[in-house]
Structures are given as C-alpha cells and as structure tokens.
Amino acid sequence: MKKLLSLLLCTITASATFALETSDVDYGQTTASSQLSLIWEFEEIVYNDQTCAVITGVKNSGGKTVSGEISVPETVTVTDEDGNATSYIVKKIAANTFRNQIGISSVTIPRTVEDIDPPFCIGCSLLSRIDVAEGNPWFTGRNGLLLDKDMETLVACPATLDEVQLPSTLTAIGPDAFNGCFRLKNISIPTGVTEIGDNAFANCRKLKSVTFNGNAPFVGTGIFSGTTTTVYVPDGNSSFGSVPGTWQGQTLERTSGGVITGVTSATDGNVTWFFRVVDGQAELYNNGHMIEAACAWFAATGKRNFLN
C-alpha cells in the first residue's frame, strides 16, 4: 500500500536549534519574502549520513507578523564568534513550521527539501498557494496544491481555496491535507484514491459534499473531525456499506451513477444550486437531493453550460 507521505529517513544523532536573521543566512538563491528580515529557526540533524538542517519555524525580527510571499531557504549558514562559517543544506520542513502564521499568502518549497512533516502550514488563513522551486525531484506544485513529484499523494491544500480539482493520478490524500480549509465547499475524489490520512478533511466548516468515484479507501483517524458533510458514492458500489446511511460519521448517499468529473455551484436569488458533471452531463441537486427540472438560473443567465 502506498505510503501517504515520505517517511523521515534520517536518524537524529545530535540536534541543536538555531535562529538566524536573513542577513546571517546564505540562501543559495534569492528569497521572495516580502519581509526585510526573517528569523529562520532550524535544527541540525543527520539525514542519510549527511549533516543538514530541518526548518522548524520562522519569525520577523521586527516583531511584526510574518506576511506575504515566503520562500524557504535552500541553505543556512552559521557564523561563530571567531568568524568560522558552517553551512547546512535544508532537507526537511518540520510539522507546524508555519502554524497560525495568518499573514503568509504563499510558501515556496526549495529544490533541496525532500521531506515535509504534516501539518506544516495549518492555520495560515491567508495562504492561497504552495509553490515548489524548479528542479525539486520530490515535490511539485499544481493549481496551488502541494503534491509529491508523481502527483500520486496530496500533501497540502492552502486554506483559502474554495474549489479544488485533484489530478486523476492521485492515489493518496495525506494527513491534514485539507485540515482547516474553511472555504472548501465540494470536492470530487478520483477513482484511484485508496488512502486518506488522519484529519485529512478536519475543520472544513463549509464542506457540503465529498464525492467518491471509486471504492472506499483505507482511512486514518478523525478524517472529518470538526466537519459536517454529505458523502456521495457511485450507484451500485457496496464498499462504503449500506446506502443511504453513514460513513465515517457523515451522511452517506448515492449518486445517480457514472463518473463524476466536476462539482460547482451557482446562486439564484437566495438559493444556492449545486451541480455535478456525470459522464459529461450536468446534474442538478440541492441539499443533496436530485432535481430533474432545469434551474431558473440557466434562464436568467442565458447560459447553457454552467462551467463557463
């Protein structure tokens, strides 16, 4: 079974915590941070027989909130009292590195990082995208999402995204991947997904529907903790149990069949209409119940395709 995230491959033989201002750090590339002086906190570790650094936090030396576009450095350099410099390659980002940094709008992962512990950006309520530097062989960014290089595992989704289209290559949704995505309304899970990690959809307070296109995946604990939603499964699929019913503490209902390729919504007056694309055809439903009549929204807008 495919692992949800790359495991920590290093053994910590000794650790030391450092806090470096921007002026004391050799990044190896220009930082995109909007801050003039950041303090990067890191620990020295032995990773695959190489002494390197794991980033554990970031602060603003001026005492203000860290904000804007943040780039994790590729290397950090410590200079002792005698002027001797020691450089460390940044190989890992620790869990909670950016926790509750509410001013950060984007994070760029450098090409040197090969391991990220979730959740590393939980509570970043303005985070709109996670980018990956060109040349990183372990991770990639797509439409703001952070995935492994093969786009088989979703690592993290920024909190501000309200619509997400997952790649068809996906097989795993990592721990805390959507935790705290307070704007997310609907999501369609690709057929190939077989694993969902702990707290993957926790605290998604606006999440109305989670639609599975394949069989029930192996799930961790608390995947919907703090979330109330409706889970939709394909007609004829018995792997989720009795339908209608419940699954992982959520209401369980069937779709009308077919492969769901998109979910969206539109507002007509005080009513929000939800749409699915099933086998290329639009299906209209409200509050989880199918409606066979056309919505007045189409007539009012003159549109024939709600996706445009």
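These questions cover aromatic pairs and salt bridges in a predicted model. Local features need pLDDT of at least 70, and side-chain atom pairs count only at pLDDT 80 or more, while totals for chains, interfaces and linings use all residues. Residues are numbered from 1 along each chain as its sequence is written, and side-chain values use heavy atoms, with hydrogens and water left out.

Me: How many aromatic pairs does a search of the whole structure find?
Reply: Rings of Phe, Tyr and Trp (its six-membered ring) pair if their centres lie within 6.5 Å. On that rule the whole-structure count is 9.

Me: What geometry do Trp40 and Phe98 form: stacked, tilted or edge-to-face?
Reply: Planes under 30 degrees apart count as stacked, over 60 as edge-to-face and the rest as tilted. The Trp40 and Phe98 centres are 6.4 Å apart, with 90° between the planes. The pair is therefore edge-to-face.

Me: Why is the pair of Phe42 and Tyr88 tilted?
Reply: The ring centres of Phe42 and Tyr88 lie 6.0 Å apart. The pair is tilted because the planes are at 50°.

Me: Is Tyr88 buried or exposed?
Reply: Buried means under 20% relative accessible area, exposed over 50%, partly exposed in between (1.4 Å probe, protein chains only). Tyr88 has 9% relative accessibility. So Tyr88 counts as buried.

Me: Which residue forms a salt bridge with Lys91?
Reply: A salt bridge needs a side-chain nitrogen of Lys or Arg within 4 Å of a carboxyl oxygen of Asp or Glu. The closest N and O atoms are 3.2 Å apart. Both partners are buried. The partner of Lys91 is Glu114.

Me: Which residues join Arg129 in one salt-bridge network?
Reply: Arg129 and Asp131 meet at 2.6 Å, N to O. Bridges that share partners build the network. Joined with Arg129 are Glu69 and Asp131.
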